[in-house]
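Please open the structure in the viewer and follow each stop in turn.

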Amino acid sequence: MKILAIETTCDETAAAVVTSGPEVLSDIVYSQIKEHEPYGGVVPEIASRSHLEQLTCVIEDALKKAELTPADLDAVAVAHRPGLIGALLVGVTTAKALAWAWNLPLIGVHHLEAHLEAAFLAGEEIEHPYLGVVISGGHTDMHRVDGEGETRWLGGTRDDALGEAFDKVAAVMGLGYPGGPIVEKTALEGDPTAVKLPRTLLGEDSLDFSFSGIKTAVLYKWRGMNAVHKDKAPDAPSPEDLCASFQAAVFDVLAEKIRRASRQEDLHTVVLGGGVTANKTLRQGLADRLGPDYKLVFPPPRFTTDNAAMIGARALRQLARGDVADLELMAQAQP
Ligand code: KG4
Ligand code: ZN
């Protein structure tokens, strides 16, 4: 089976060809970061227009790199939810047009399920049941996964997603966009115990997250209580110490929530995915905090942030069980 997969949920225009295995034959990502950078975040209308300009070329590149023609394909897959509605519409409309023109089945993929599927691109088969943890720019969610299509949501963020918190912390300190990789790099030179920051754990058994409090705490450490200073306060900690302390706090929270969910559900395999799993300090930090009783499975680094290979890998499984859409497939902003 060879599937052309398309990803346009947010600010990456991506296409990939994936074959059974799963093996990635090509994987093209056009990142719009430079277009959104001046605004410090993704501007939905710019994202939609950029997808429109880039997607056809990105698809052509993916086919060329895989040395295939449309006649070699078995299906077209597209991430159709959740995401920015205008951005999704570009991918979904293109995928429908291609599936119709090439007379191929169309597969609608859930972007967050695909983030978890990315862990399987490391080549290891992971046995059910497991705890699935998505930590990305738009989502922080934990699921119990019992089998193919058998997923139960356990908890998620009540406000900011974890990646969003990284982005906002970087913005507060004027470090640049997107914040995740910059905060990680800056933190490497800092002391994670230097700055006291809150760990928001909510109720005793809660599996929900809240990252808005720590974001405000970082703002006050940087610009003084109630942000009285226009920029950095005279007694503010160094960016290195603040970034390292921020990471330590959010990794503590994440580890505790994983521990709680694992205990409640009696699960010890944890599959993680989403842009924040690109963070090497997080990978090591979770392993250190959770210890040897937990098997943590991360995607290969290049498949952590948005890409179409993970959409194709997910689509392969859906195709195998006949989970195929028709031309009525809708783009959907919500999960
Ligand atoms: O999964 P993704 O590409 O898009 C969404 O589905 O949201 O995730 C993007 C998010 C951004 O918030 C970005 O700052 C964060 O992932 N991110 C990181 C790192 N690399 C990307 N966060 C922490 N450390 C990183 N190294
Ligand atoms: Zn994503």
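Begin by selecting α2 (44-65) and helix α3 (residues 85-102), which pack at an angle of about 40° with their axes 9 Å apart. Axes here are lines fitted to C-alpha atoms, for helices over the stretch in contact, and angles run from 0 to 180 degrees between N-to-C directions. Helices (H or I, at least four residues) and strands (E, at least two) are DSSP runs, numbered from the N terminus. The angle makes α2 oblique to α3; angles under 35 degrees count as roughly parallel, over 145 as roughly antiparallel, 65 to 115 as roughly perpendicular and the rest as oblique.

The model is predicted: local features need pLDDT of at least 70 and side-chain atom pairs pLDDT 80 or more, whereas totals for chains, interfaces and linings use all residues. Residues are numbered from 1 along each chain as its sequence is written, chains are lettered from A and ligands numbered from 1 in the order in which they are written, and side-chain values use heavy atoms, without hydrogens and water.

Next, display the side chains between these two helices. On α2, S48, H51, L52, L55, I59 and L63 meet G86, A87, V90, G91, T94, L98 and W102 of α3, contact meaning heavy atoms within 4.5 Å.

Move on to helix α8 (residues 239-265) and helix α9 (residues 280-290), packed at an angle of about 50° with their axes 10 Å apart. These helices, α8 and α9, are therefore oblique to each other. Residues making the contact include F251, L254 and I258 of α8 and L282, L286 and L290 of α9.

Now select the zinc ion (ligand 2). Which residues coordinate the zinc ion? They are H111 (NE2), H115 (NE2) and D306 (OD), at 2.0 to 2.1 Å; donors are N, O and S atoms within 2.8 Å of the metal (3.2 Å for Na, K and Ca), and water is not among the atoms, so sites may look incomplete. Along the chain, the donors follow the spacing H-x3-H-x190-D. H111 and H115 are four residues apart in helix α4 (residues 111-117), and are therefore separated by about one helical turn.

The peptide bond from G21 to P22 is cis, with omega near -5°, and P22 lies in the loop between β2 (12-19) and β3 (23-31). The bond from H128 to P129 is cis, with omega near -5°; P129 is in the loop between α4 and β6 (130-135). E67, although not a glycine, has a positive phi of about 55°, and its place is the loop between α2 and β4 (75-81).
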